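Reader: I would like to learn how to read contacts between side chains. Could you take me through them slowly?

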Amino acid sequence: TGFSRSSGNVEKFNWVWEVKSLNSRGIDIRFRVPKGLDELEFILRPILLKKISRGSITVNLKIDSLDSGENINLNHENLNSALKIIEEINKKINIHPISADTLLSIKGVIESNQETFFEQKNDKLIDALKVSFIKALDQLVEVRLNEGSKLKEILNNSLNKIETLINDAVKSADLSKD
């Protein structure tokens, strides 16, 4: 069981990797990365498997653009399609006027340049994310080793106490024979 976090930035992006693990017999790995960065899983999974062979591992990447507001576009084509559908529905049943926030919440009406940027090959960003991920992964391995050492110490102390109790019981039994 463990948790680690690593952050970084490159170009106009800040990110945070979070890697969590829970004890498990086998290995179960789940990656959560932003749309457009799906290739990261294929790059990073073999690295993770070289360092960790057991556990339920969740890898989460949160990434933000430093350019506030510049990374959002209105997709006019999708907006017009949504308006046509609303118009057709309105002809059949009279609906209340649709608010702007409802229109903007329709998937595809608002698009992120960030996703488009990710979909373009950006080796500098991918390399920086990989280095940062390895740092988080190394921290997780260290946390897991520390936890294992602590558990080993607790178990050894318990075994020593049990051994002492057994020895005391044997001595007590030997004394009662006399």
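**Aromatic and charged contacts**

Author: W17, F31 and F133 form one aromatic cluster, where rings of Phe, Tyr and Trp (its six-membered ring) pair if their centres lie within 6.5 Å, and planes under 30 degrees apart count as stacked, over 60 as edge-to-face and the rest as tilted. This is a predicted model, in which local features need pLDDT of at least 70 and side-chain atom pairs count only at pLDDT 80 or more, while totals for chains, interfaces and linings use all residues. Residues are numbered from 1 along each chain as its sequence is written, and side-chain values use heavy atoms, with hydrogens and water left out.

Reader: How many aromatic pairs does the structure hold?

Author: There are 2 aromatic pairs. The rings of W17 and F133 have centres 5.1 Å apart and planes at 65°, so this pair is edge-to-face. F31 and F133 make a tilted pair, with 6.2 Å from centre to centre and 40° between the planes.

Reader: Is F133 buried or exposed?

Author: Buried means under 20% relative accessible area, exposed over 50%, and partly exposed in between (1.4 Å probe, protein chains only). F133, at 0% relative accessibility, counts as buried, and F31 is also counted as buried, at 13%.

Reader: Which residue forms a salt bridge with E18?

Author: Side chains of opposite charge can pair when their charged atoms come close. A salt bridge is a side-chain nitrogen of Lys or Arg within 4 Å of a carboxyl oxygen of Asp or Glu. Here R5 is the partner of E18, their closest N and O atoms being 2.3 Å apart.
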